[in-house]
Amino acid sequence: MADETRKKEILDKLRNGVIQYDEDACREGAQEAVAEGLDANEAIFDGLVSGMEEVGRLFEAQEYFVPEILMCADALYAGLEILKPHCKQMDLGVKGSVVIGTVEGDVHDIGKNLVKMMFDVAGFTVYDLGRDVPLDKFVDEQLKTDSELVCLSAMMTTSMVGMPKVIEKIKEKNPNCMIMIGGAPTSKELADKWGADGYAEDASNALKEAIKMVAFLKKLRDEKAQKK
Amino acid sequence: MDAKQLKQFLQAEGATLVGVGDVTKALPKEIVHLNRGIAIAVNRNLTRETVGHLVRLQTLAEGWLKANGHRSLSIPPDSDRRKDKLITKLYKLFCHKTAATCSGLGWIGKNGLIINEQYGSKLTWATVLTDAPLGADRPCVSSRCGDCDLCVRHCPSGAVQGHLWSLRNPLREIVAYDKCRSLKSGRTALKGKPNCGFCVTVCPYSRNGGARK
């Protein structure tokens with residue numbers, strides 16, 4: 001195991017790589033972390049995710065806009081790709097798989113991709129159906145993979161109307177499956193009315209929620225480490 | 001803010017043309033703050049290095065803008081787009097033709113490509129969007145193709161319709177891209193290469209410019 005100063009150096013490199021959307025720095029940092037035997041989970045949460053938290057703050061302060069967010073997410077992925085194979089299964093009470101996609105008739109998937117990132121970081125198995133996905137595909141895929149969570153996204157009102165059909169069908173076959181909907185036309189009222197379990201309004205809100213959720217995971221992890 | 005310095009810098013690094021356009025009206029919500037489009041063109045003699053060269057110029061422009069305290073977003077050349085990245089989604093929200101016409105470097109020809117007075121359609125383009133308040137060049141708002149219809153007559157797929165482009169009627173279809181695509185994919189299947197490009201080579205602007213240089 002590398003000594004403390006070296007460890008901090010690597011974590012800072014990962015963190016700053018995400019904040020400054022520098023893919024090469026993230027890749028380099030991740031490789032160093034692996035080569036020097038740093039715990040991969042630690043590198044992800046105290047390096048990459050901690051950077052993404054700062055990005056979320058910069059976004060709220062309107063220092064960063066959507067292009068920067070996407071580039072930061074790309075940098076995070078560059079590091080994650082290298083670290084992931086070295087991850088031990090995290091025991092945080094959250095594990096499992098999720099089916100995600102943009103519903104039929106809609107090709108807007110920026111928000112969906114950001115939400116997908118959150119699940120990737122959290123260690124979920126993600127079945128990404130992409131965009132313009134036929135409604136029945138969601139139902140079939142959920143049954144096939146037995147996923148605990150299904151996420152539906154739409155940006156247009158016209159394509160959003162397909163959501164309640166999917167929710168109904170899935171709940172009918174599998175009442176325990178959680179369903180989240182997202183996109184500009186959705187609202188908490190609609191989510192309640194249709195029987196969905198959660199919602200996020202747009203890419204930026206999805207990102208805020210995503211960061212909150214990952215930050216929460218990180219907190220859980222820290223508390224667990226303290227107890228040991 | 002003076003755009004001249006940036007133009008000179010990029011031209012010294014090997015850009016054939018550099019222009020700055022006010023692209024406010026063409027921006028989608030996600031990037032509405034980046035209202036200056038820097039169009040960069042390289043005269044391609046179709047070498048492999050052209051794209052790499054353009055990407056390097058974009059990186060230099062980004063660095064210059066950052067050093068002056070401004071944000072930027074590079075829209076890479078069409079043939080250098082990685083499919084698997086998140087940022088790629090934003091690229092198709094903005095096209096190089098907008099930046100090129102807004103900065104007055106060319107108009108959209110009957111062949112549907114940017115035509116520059118000196119180099120014709122033989123240019124490869126890249127765009128850097130920025131929020132730096134650079135002085136914008138005078139835009140090109142109508143076609144200068146005139147009566148010339150060489151590209152219409154030479155197009156083997158009949159895709160080039162012969163309509164004149166004008167900002168007053170932006171929705172008019174100039175090239176039937178489905179015909180062009182089906183010809184090219186047919187040839188690709190047969191020979192492994194699309195092997196067309198007549199509309200580029202017959203254009204008098206492409207020929208004169210290329211020959212004189």
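Buried, in these notes, means under 20% relative accessible area. I am working from a predicted model, and here is what I looked up.

**Entry 1: cysteines**

I started with Cys151(A), which is buried because its relative accessible area is 5%. Does a partner sit within bonding reach, or too far away? I found that the closest cysteine sulfur belongs to Cys177(A), 9.2 Å away, too far for a bond. A disulfide would need the two sulfur atoms within 2.5 Å.

Next I turned to Cys72(A), which is buried too, at 0% relative accessibility. Its closest cysteine sulfur is in Cys26(A), and the 8.9 Å between them is again too far for a bond.

**Entry 2: aromatic rings**

How many aromatic pairs are there over all chains? I noted a count of 2. One of them joins Trp107(B) and Tyr205(B), edge-to-face, with 5.1 Å centre to centre and 80° between the planes. I liked this one, since the pair links distant parts of chain B: Trp107(B) lies in strand E4 (residues 107-108) and Tyr205(B) in helix H8 (residues 204-212), 98 residues apart. Trp107(B) is buried, at 0% relative accessibility, whereas Tyr205(B) is partly exposed, at 26%.

**Entry 3: an arginine in a strand**

I moved along to Arg36(B), which I found in strand E2 (residues 36-43) of chain B. Is Arg36(B) buried or exposed? At 16% relative accessibility, Arg36(B) counts as buried. I followed its side chain and saw that it reaches the backbone oxygen of Leu134(B) at 2.7 Å. Leaving aside residues up to four places away in sequence, I listed what Arg36(B) touches; among them are Val20(B), Asp22(B), Val128(B), Thr130(B) and Ala136(B).

**Entry 4: one helix of chain A**

My last stop was helix H6 (residues 135-145) of chain A, where the buried residues are Leu135(A), Phe138(A), Val139(A), Glu141(A), Gln142(A) and Thr145(A). Looking down the axis of H6(A), I saw these buried residues fall within an arc of 165°, so they line one face of the helix. I reminded myself that an α-helix has 3.6 residues a turn, so residues three or four places apart point the same way.

What do the buried residues of H6(A) pack against? I wrote down strands E1 (97-102), E2 (125-128) and E3 (149-153), along with helix H8 (163-173), in chain A. Just after H6(A) comes Asp146(A), for which I noted a positive phi of about 55°.

Conventions:
Residues numbered from 1 in each chain as written. Chains lettered and ligands numbered in written order. Predicted model: local features only at pLDDT ≥ 70, side-chain atom pairs only at ≥ 80, totals over all residues. Heavy atoms only, no water. Buried < 20%, exposed > 50% of the residue type's maximum accessible area, 1.4 Å probe, protein only. Phe/Tyr/Trp six-rings, centres within 6.5 Å; stacked < 30°, edge-to-face > 60°. Helix = DSSP H or I, 4+ residues; strand = E, 2+ residues; numbered from the N terminus. Polar contact = N/O pair within 3.5 Å; in protein donor to acceptor, adjacent residues only side chain to side chain. Contact = heavy atoms within 4.5 Å. Arc of directions from axis to C-beta.
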